[in-house]
Amino acid sequence: MGAAFSVLKQTGGLYVNIDTVLNSDIWMQKHVSFQAGFNGNSSFGFLVMSECYNEPETFWTNVRARPQVSCPSSDMFTGTEICCAIPDEIFPVDIMFLNTRFGSLARDLLYGSPNMPVPNTSFPPIPRIVHYILFDAFEINYSRFLSFLSTQRFVKPDKIFIFVNSWKRPSSPYFDKILNYSNVEVVYYGPLKTVYQNRIKSSAHVSDIVRADVLLRYGGIYLDWDVYWLKPVDDLLSKGYETIASLDFMKDMYPRQRFPDTVNMGVVLARPMSRFIKLWQESFKEYTGNHDTYHAVEIVYKLYEQHPELLVIEKRLQVMCFLFKCHPLWLDNYKDQHAHSPFDFTKDAYTVHFTHLTPEEWESEELILQSKPGFFQDMGRHILGKS
């Protein structure tokens, strides 16, 4: 504070503290040689000083005794005050749908409008086509075949595209069964070595780049092979949204101080030429390959913070499961990686996503049908339609 005061004493002007926002033209006060705003009863919210202001020797002891401006906290802000004190930690998600005077002010400052972001609902239905990626002769075991069966049963897609980077077919009887379906088409994408002239360092990053490309061109539904449909998705496809995704559950092993949430792109629904998918694709211009999940998870959330009107976050699109612990995203404790929260898999969510370790009972249809009743066993039977 002392440094700011020294500068203002010589040049005059305005100092605003980092935890303060202004709500009016502070320069209306410029005819006053000195004015201060306080956050609570301690710190300066702002200072206005005329050039070469000559403060008395008792300035620091008497400044609070003079008539000054109070900057109320964000929860007490009424919209009439000229300043407001904001919390120590605040993110765009905290103000996107905040129905208060402060929420309106913060949105006006951040997004250029005080209105809550409202996604466009006038688009035609999202195409009923599904995209899988099968690079490097990826093995198709029974659990991945089960993902495919769940898609056929609940999505009833007009077309399923399986993108490959090699014509070498996986030596799997389950892949042969997949090819017997009339709505399946294998598409040769070709090897991918660079993105925006940057060398790709991980096969996982290739999948991110390809899914952005195919969704942007064709629209539809992208799925990881460890995603399993639990109920029809017709209502989401027909709501007129441009892009739909869901949150991740944020494992403790990946601390993300600047990310109150992240977005998992293991299931994505989008219109062709989706503006959000285009932004995601363009984010790869900054690709370095130094972090496995940055472009797949973190940067997607940052894009949502910047453009909340372009992406619908549907918390029931997928239930994230990690090490056999499931985290329904609509529950308060979904970020707790040690908590397992059972849910009604017949109606609560559209999909379940086993990001690491698929239930061993799902290694074959026989195991699913013959295993003793249990949460994952019953879920497997539900997916097969043999509850």
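The model is predicted; local features need pLDDT of at least 70, side-chain atom pairs count only at pLDDT 80 or more, and totals for chains, interfaces and linings use all residues. Residues are numbered from 1 along each chain as its sequence is written, and side-chain values use heavy atoms, with hydrogens and water left out.

Strand E4 spans residues 43-49. Helices (H or I, at least four residues) and strands (E, at least two) are DSSP runs, numbered from the N terminus. Six of the seven residues of E4 are buried, so the strand is largely enclosed by the rest of the structure. Buried denotes under 20% relative accessible area, exposed over 50%, and partly exposed the range in between (1.4 Å probe, protein chains only).

E4 pairs with strand E1 (residues 13-16) in the antiparallel sense, over four bridges. Pairing requires at least two DSSP bridges between two strands. Strand E3 (residues 34-39) also runs antiparallel to E4, and six bridges join them. Valine 48 of E4 stands opposite leucine 14. Valine 48 is also the bridge partner of glutamine 35. In a regular strand, side chains alternate between the two faces of the sheet.

Leucine 134 sits in the loop between strand E7 (129-133) and helix H5 (142-155). Its relative accessibility is 3%, so leucine 134 counts as buried. Contact is taken as heavy atoms within 4.5 Å. Not counting residues up to four places away in sequence, leucine 134 touches Ile140, Ile162, Phe163, Val164, Asn165, Pro170, Phe175 and Trp225. Leucine 216 is 82 residues from leucine 134 in sequence, and their C-alpha atoms are 19 Å apart in space.

Glutamine 152 belongs to helix H5. This glutamine is buried, with a relative accessible area of 16%. With neighbours within four places in sequence left aside, glutamine 152 is in contact with Pro157, Ile160, Tyr181, Asn183 and Val184.

Positive phi values occur at two loop residues other than glycine, methionine 273 and leucine 323. For methionine 273, phi is near 60 degrees. Methionine 273 lies between strand E15 (263-270) and helix H9 (275-282). Its relative accessibility of 56% makes methionine 273 exposed. For leucine 323, phi is near 55 degrees. The loop holding leucine 323 runs between strand E17 (318-322) and strand E18 (325-327). At 41% relative accessibility, leucine 323 is partly exposed.
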